[in-house]
Amino acid sequence: MRKIKCDVVVVGAGPGGSMAAKTCAKYGLDTVLVERKEYPSKPNSMGCLVSRRIAEYVHIDKKTTSAPIYGIVQTAPDGTEISMREPDGYEVAYVLNRDTFDNELLKITLKENIEYMNRTRATGLIREDGKIRGIEAKIDEKEDVEIRSNIVIGADGVEHKIGRWAGIYERLDPNDAWVVFDNLLDYSDIDEHTYYQIIGWRSDGKVMAYPNAAWVLYPKGEGKTALQPMPYHSLGWQKGEAKNALNYFMKNHPLFKKSKIIDVGGGVLPAVPLKRFTTDNVMLIGDAAHLNMMPWADGVMTAIESGVFAGERAVEACEEGDFSSEFLSEYEKRWNRTYGEKKMIGYYIAKLAQALPDKYWNIFCHRLKEDNAKFTDELFKVIKSPKLISKILFKLKKEGLEIPDLLSFGSLFKKYYRNYWDTFFE
Ligand SMILES: Cc1cc2nc3c(=O)[nH]c(=O)nc-3n(C[C@H](O)[C@H](O)[C@H](O)COP(=O)(O)OP(=O)(O)OC[C@H]3O[C@@H](n4cnc5c(N)ncnc54)[C@H](O)[C@@H]3O)c2cc1C
């Protein structure tokens, strides 16, 4: 059996694992990056929107992105449109081309002194004297290898096997699993640089064309569009419902009548982070720690930034010679200090959006339109209407959630966001 020794082994070469390995190696740690496939195997997403902050980490060009985004159009159930644009005409976000983006990020990572082992699947953890001492893996599903290290960084995506083996496992509540369907269309009549959200679209202006659906559109360049039907009154679709909703929408909506589906994707996004994502000798990052930011599936930036945080903590741990849960958990605390409140806000926005009856979606969008997408006190009066609050609380209770303190949620929300635009692209 082949045996390798290093300071840190990172499992998974997606955006999170790449950035964690790069950070460790940049500061001199002996780093091994293990990927089970030939190249990173990104989740099956056709539309992947990321904030412009991504350009801090990877060179953005036509290869890595299919379209820079300059604005958003949101349509309410009654057809009211709110259109928002960056005043100076800068890009605010990008639709990534994940096939090339993940490989490009890995290429940058491998400029550091890293031992990259692709086609190598982690199969278990090495344990000695009750401590985790690295991983066991298989190369090409044939050759066994033992990679001994002081730290294991689990960047293995939603499957999060490293977390399970290390005992950091929580069953995902179905209410907190966001099921996403993704379709790539050959053509649609939309602006190539605008991100669209169509909420509860009605084909005849009176009858709901397909209940419980919002439609998210990502321009993909060359006329192509990724279309995600989202169930906005719950996180999950019933069996077959997404397909029916999609067929209905494409048959009836004027933008898509001529479109054909050329590829399909989808997946499950956990909406709630693990309670703990570190233990002795182990840190989990990105999807492996369920850190995806609701409600915008901001998983790529989240994976990248958690990778940097965990990498930096790994460097400090090696300097101090302390690999205990207590020492490593500073990464977790730093994450929660930086993003915890925003994550909590995002989670409740998603839950509230699902609980918001169409009538209030319309009122909400009218008010936003009148106030130029600013969050004014008038808007908060709509949200605080006692009738609406009782409806929302009833719905949230049915989902088995603890009743959130809506007023403190409101003030926390105001701390971060001044207008609707910020909630998308800040
Ligand atoms: C349908 C859909 C739409 C999405 N839309 C968006 C969006 O619009 N914007 C956005 O930012 N995010 C979006 N996401 C989320 C985003 O794709 C993820 O959050 C992001 O890829 C997480 O990165 P990661 O590095 O944590 O994990 P991953 O990208 O999942 O990478 C994990 C890597 O680990 C490897 N691996 C797994 N197990 C092992 C093992 N045992 N041994 C070795 N290697 C292993 C895998 O092969 C893979 O390369 C979407 C996801 C889906 C499913």
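A residue is called buried when its relative accessible area is under 20%, exposed when it is over 50%, and partly exposed in between, using a 1.4 Å probe and protein chains only. The structure is a predicted model, in which local features need pLDDT of at least 70 and side-chain atom pairs count only at pLDDT 80 or more, while totals for chains, interfaces and linings use all residues. Residues are numbered from 1 along each chain as its sequence is written, and side-chain values use heavy atoms, with hydrogens and water left out.

With a relative accessibility of 12%, Glu-146 counts as buried. Glu-146 belongs to strand E12 (residues 143–148); helices (H or I, at least four residues) and strands (E, at least two) are DSSP runs, numbered from the N terminus. Contact here means heavy atoms within 4.5 Å. Leaving out residues up to four places away in sequence, Glu-146 touches Met-1, Arg-2, Lys-3, Ile-4, Ile-126 and Ile-135. For one of these contacts, Ile-126, the separation from Glu-146 is 20 residues in sequence and 7.9 Å in space, C-alpha to C-alpha.

Next comes helix H4. The expected span of a helix is 1.5 Å times one less than its number of residues. Helix H4 has 12 residues (241–252) and should therefore span 16 Å, which agrees with the 16 Å between its end C-alpha atoms. Which residues of H4 are buried? They are Glu-241, Ala-242, Ala-245, Leu-246, Phe-249 and Met-250. These residues lie on the same side of H4, because they cover an arc of only 155° around the axis. The arc is taken from the directions that run from the helix axis to the C-beta atoms. On the face of H4 turned away from the buried side are the exposed residues Lys-243 and Lys-251.

Charged side chains are the next topic. Side chains of opposite charge can pair when their charged atoms come close. A salt bridge is counted when a side-chain nitrogen of Lys or Arg is within 4 Å of a carboxyl oxygen of Asp or Glu. By this rule there are 21 salt bridges. One of them joins Glu-104 and Lys-107, with the closest N and O atoms 3.7 Å apart. Both residues are in helix H2 (residues 98–109), and because they are 3 residues apart they are separated by about one helical turn. Glu-104 is buried, at a relative accessible area of 18%, whereas Lys-107 is exposed, at 52%.

Other salt bridges connect separate parts of the chain. Glu-332 and Arg-276 meet at 3.1 Å, N to O. Glu-332 is in helix H6 and Arg-276 in the loop between E18 and E19, so this pair ties together parts that are 56 residues apart in sequence. Glu-332 is buried, with 7% relative accessibility, and Arg-276 is partly exposed, with 38%. Glu-312 and Arg-334 also form a salt bridge, at 2.8 Å from N to O. Here the tie is between helix H5, which holds Glu-312, and helix H6, which holds Arg-334, so parts 22 residues apart in sequence are joined. Glu-312 is partly exposed at 24%, and Arg-334 is partly exposed at 29%. Elsewhere, salt bridges that share partners join Arg-36, Glu-159 and Lys-161 into one network.

Rings of Phe, Tyr and Trp (its six-membered ring) pair if their centres lie within 6.5 Å; planes under 30 degrees apart count as stacked, over 60 as edge-to-face and the rest as tilted. The whole structure contains 7 such pairs. Among them is the edge-to-face pair of Phe-277 and Tyr-331, with 5.6 Å from centre to centre and 75° between the planes. Phe-277 lies in the loop between strand E18 (261–270) and strand E19 (278–279), and Tyr-331 in helix H6 (residues 325–355), 54 residues apart. Both Phe-277 and Tyr-331 are buried. Phe-309, Trp-335 and Tyr-339 form one aromatic cluster.

Charges and rings also meet. A charge sits over a ring if NZ of Lys or CZ of Arg is within 6 Å of the ring centre and within 35 degrees of the ring normal. Arg-334 lies over the face of Phe-309, 3.8 Å from the ring centre. The charged end of Arg-313 sits over the ring of Phe-327, at 3.7 Å from its centre. Arg-313 is in helix H5 (residues 299–320) and is buried, with a relative accessible area of 13%. Not counting residues up to four places away in sequence, Arg-313 touches Met-283, Phe-327, Leu-328, Glu-330 and Tyr-331.
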